[in-house]
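Here's a quick briefing to read with the model open beside you.

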Amino acid sequence: MKQLHRKHLYYKISKRCFATKYSGRVVGATENGRAFAVEVDSPNVLRDIRGYALPRRDLICKISKILHSPSTSTNDPFLQLSEFLQTLNLTLTPSEASEILKSLKTPRKALEFFRFCSSSVPGFRHDCFTYNRILTILSKSSSPDALDLVRWIVDEMERSGVRGSISTVNILIGIFGGGGANGVLELERCLGLVKKWDLMFNCYTYKCILQAYLRSNEISRAFEVYVEMRRRGYKLDIFAYNMLLDALAKDEKVEQAYKVLADMKRKHCEPDEYTYTIMIKMTGKIGKAEESLSLFQEMIAKGCSPNLIAYNTMIQALARNRMVDKMIFLFSKMVENGCQPNEFTYSVILDVLAAEGQLGRIDEVVEISKKYMNKSIYAYLVKTLSKLGHASEAHRLFCNMWTFHDSGDRDAYLSMLESLCSSGKTAEAFDLLSKIHEKGISTETVMYNMVFSALGKLKQISHIHDLYEQMKKDGPSPDIFTYNILISSYGRAGKVDEAVKLFEEMENSNCKPDVITYNSLINCLGKNGDLDEAHMRFKEMQEKGLNPDVVTYSTLIECFGKTSRVEMARSLFDEMLAEGCYPNIVTYNILLDCLEKCGKTTEALELYAKLKQQGLTPDSITYTVLERLQSGSHKTVRVRRQSPITGWVVSPLR
């Protein structure tokens with residue numbers, strides 16, 4: 001403590017010492033003369049005029065330095081501290097221990113020192129302040145056993161007969177009020193300590209317990225605490241008010257939320273933009289868009305500047321109630337006031353325009369916010385419209401993005417390509433794929449595969465051939481999906497030779513055929529009349545270690561069934577079961593149809609019984625075949641139109 005050499009100050013201090021019946025030599029005072037100390041009873045202990053021991057700074061610094069020294073095999077800081085205290089022949093005071101605890105950087109070291117004091121320092125006894133200090137330190141610990149240590153500290157505190165303060169309770173509420181599994185039980189224990197220690201809640205305690213209940217999702221209890229708090233004349237700060245309002249709004253406790261809002265205004269705690277946003281969201285969610293608008297206008301009248309969240313919440317409330325005109329008007333005001341929309345803003349607008357059949361107004365929205373339109377926003381709109389299945393609107397915006405920006409967004413271009421392919425606009429997809437490199441985007445195999453798949457479904461074989469030649473020439477290299485799509489597409493169009501050629505090309509490349517490849521080739525061969533070759537490929541895939549799946553067997557069973565080779569179809573079905581490949585309803589339907597058409601009614605009915613045993617649910621095709629079985633329609637002569645390619649009707653049903 002700094003020594004002051006002013007006679008009138010020492011005279012004043014000595015006089016006050018005499019008045020409080022303390023005797024001793026004045027040893028120091030602060031510069032303002034308010035705090036001073038005298039030696040009492042022992043030369044090692046300084047006390048103020050109230051009799052409280054004052055912390056000895058040199059001692060605190062020395063002990064802290066010892067404890068901060070690294071612990072090694074040859075150096076134990078606590079052993080060193082014990083030896084140091086023995087040489088001084090003195091006892092630490094709780095206030096000094098509290099200061100030392102505060103200086104320690106880790107909860108583990110602080111807890112060790114806390115235990116050291118009570119076990120190794122003669123005559124030392126922790127008081128409320130040291131308990132509060134260690135609890136505060138543990139509250140900041142990320143250790144998984146931190147809560148257990150806190151419980152141990154509280155138990156130790158009660159065993160020692162130390163009466164906590166309301167600050168102790170506040171600290172504990174803060175620790176256990178995080179909303180954990182046993183959060184409510186722990187909070188109840190904290191409230192029990194208030195009664196046990198005969199304490200009174202202060203404003204901060206009410207705030208802590210209120211927030212703790214809210215974090216535990218105990219909304220009703222939180223509101224009860226709020227009512228009690230208000231009855232005692234306490235008020236919350238804006239953060240706590242907003243937290244309570246948000247919980248009430250999410251729980252759709254509308255009346256209580258309005259009551260809290262009214263209390264805020266009466267208690268001179270002015271609502272801010274977050275307060276109004278919470279209320280707007282609540283009223284919009286329950287379908288009271290006019291009330292939302294009224295709150296929004298009140299917010300502006302109060303001088304609050306709506307932020308992005310406030311605008312988005314109001315736009316969402318209008319969108320929920322299908323108030324499209326007002327929504328777009330508010331959007332224009334949002335842009336006019338310099339608040340930049342984000343992806344959420346556009347997603348809300350897009351959803352309601354799509355739902356109301358007014359997607360044509362998306363151009364109006366883009367025009368309003370043109371000063372904020374960038375590659376990212378365009379890309380988002382294109383991807384979202386494509387995902388919603390609105391290919392034309394997506395393509396129109398995509399064209400704007402194409403002319404507006406030098407570089408492209410890979411995801412947006414991929415979404416646009418996928419959308420065009422899904423909607424059958426293969427010419428546009430082909431054109432986009434050929435020009436995509438102009439925007440600095442490298443063409444990828446997945447892009448080619450999308451277009452190949454779309455062309456294959458429409459049997460546009462000449463375009464597939466041209467695109468495949470371009471791919472081989474300019475890259476990228478085809479992958480296994482490319483070959484599978486191409487083989488399937490050629491098979492669908494009856495181009496067996498081209499499919500086989502691609503299969504052989506694939507075998508000579510780095511892409512080795514898989515089960516799907518063989519399935520596509522077998523389907524192509526079998527349904528185009530080359531059944532023996534299809535069966536040979538089936539054997540070949542088994543020899544290569546590829547296990548045929550339900551699609552493989554079903555395809556072959558159908559092909560043999562169409563040529564009235566029932567025994568072979570039945571043999572494949574039995575083999576399928578023996579190999580542990582369980583047939584699905586499609587497989588059963590194919591074989592049932594085959595047996596019915598060949599007049600094998602008994603076998604068909606036995607097969608149907610097996611289908612039921614397997615736990616499969618018959619579908620409309622199953623029942624159609626059964627109906628024919630019951631009516632004996634297989635005996636009637638049926639004229640079937642032959643396919644010019646396969647020579648039979650592919651579908652098993654008329």
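Let's start with K253, which is partly exposed at a relative accessible area of 24% (buried means under 20% relative accessible area, exposed over 50%, and partly exposed in between, using a 1.4 Å probe and protein chains only). Keep in mind that this is a predicted model, where local features need pLDDT of at least 70, side-chain atom pairs count only at pLDDT 80 or more, and totals for chains, interfaces and linings use all residues. Residues are numbered from 1 along each chain as its sequence is written, and side-chain values use heavy atoms, with hydrogens and water left out.

**Salt bridges**

- K253 has a partner in D251: the two form a salt bridge whose closest N and O atoms are 3.3 Å apart (a salt bridge here is a side-chain nitrogen of Lys or Arg within 4 Å of a carboxyl oxygen of Asp or Glu).
- D251 counts as partly exposed too, because its relative accessibility is 39%.
- As background, side chains of opposite charge can pair when their charged atoms come close.
- How many salt bridges does a search of the whole structure find? The search turns up 43.
- Another of these pairs is R189 with E158, where the closest N and O atoms sit 3.2 Å apart.
- R189 belongs to helix α9 (residues 183-196) and E158 to helix α7 (residues 146-159), so this pair ties together parts that are 31 residues apart in sequence. (Helices are DSSP runs of H or I with at least four residues, strands are E runs of at least two, and both are numbered from the N terminus.)
- R189 is partly exposed at 30% relative accessibility, and E158 is partly exposed with a relative accessible area of 25%.
- E364 and R361 also form a salt bridge, with 3.1 Å between the closest N and O atoms.
- Both ends of that one are partly exposed: E364 has 34% relative accessibility, and R361 has a relative accessible area of 23%.
- There's a network as well, in which salt bridges link E507, E533, R537, E540 and K544.

**Helix pairs**

- Helix α16 (residues 308-320) packs on helix α17 (residues 324-336) at about 165°, with 9 Å between their axes. (Axes are lines fitted to C-alpha atoms, for helices over the stretch in contact, and angles run from 0 to 180 degrees between N-to-C directions.)
- That angle makes α16 and α17 roughly antiparallel (under 35 degrees counts as roughly parallel, over 145 as roughly antiparallel, 65 to 115 as roughly perpendicular, and the rest as oblique).
- The crossing of α16 past α17 is left-handed, meaning the near helix is turned anticlockwise from the far one by less than a right angle (clockwise would be right-handed).
- On the α16 side, the contact residues include L308, Y311 and M314, and on the α17 side they include K326, L330 and F331 (contact means heavy atoms within 4.5 Å).
- Helix α11 (residues 219-231) and helix α13 (residues 254-266) pack at about 30°, and their axes are 13 Å apart.
- α11 and α13 are therefore roughly parallel, and their crossing is left-handed.
- F223, Y226 and R230 of α11 make this contact with Q256, K259, V260 and D263 of α13.
- Helix α4 (residues 94-103) and helix α6 (residues 128-139) pack at about 10°, with their axes 9 Å apart, so they too are roughly parallel.
- Among the residues making that contact are P94, A97 and L101 of α4 and F129, R133 and I137 of α6.

**Two threonines**

- Is T587 buried or exposed? At 0% relative accessibility, T587 counts as buried.
- T587 sits in helix α32 (residues 585-597), and its side chain makes a 2.9 Å polar contact with that of N584. (A polar contact is a pair of N or O atoms within 3.5 Å; within protein, one must be able to donate a hydrogen and the other to accept it, and residues adjacent in sequence count only if both atoms are side-chain atoms.)
- Leaving out residues up to four places away in sequence, T587 touches V550, S554, I557, F573 and M576.
- T106 lies in the loop between α4 and α5 (107-120), and T106 is partly exposed, with a relative accessible area of 37%.
- The C-alpha atoms of T106 and L138 are 9.3 Å apart, while the two residues are separated by 32 residues along the chain.

**Whole chain**

- The protein chain has 34 helices and three strands.
- Of its 654 residues, 48% are buried.
- Of the contacts between residues at least 6 apart in sequence, 62% join residues at least 24 apart.
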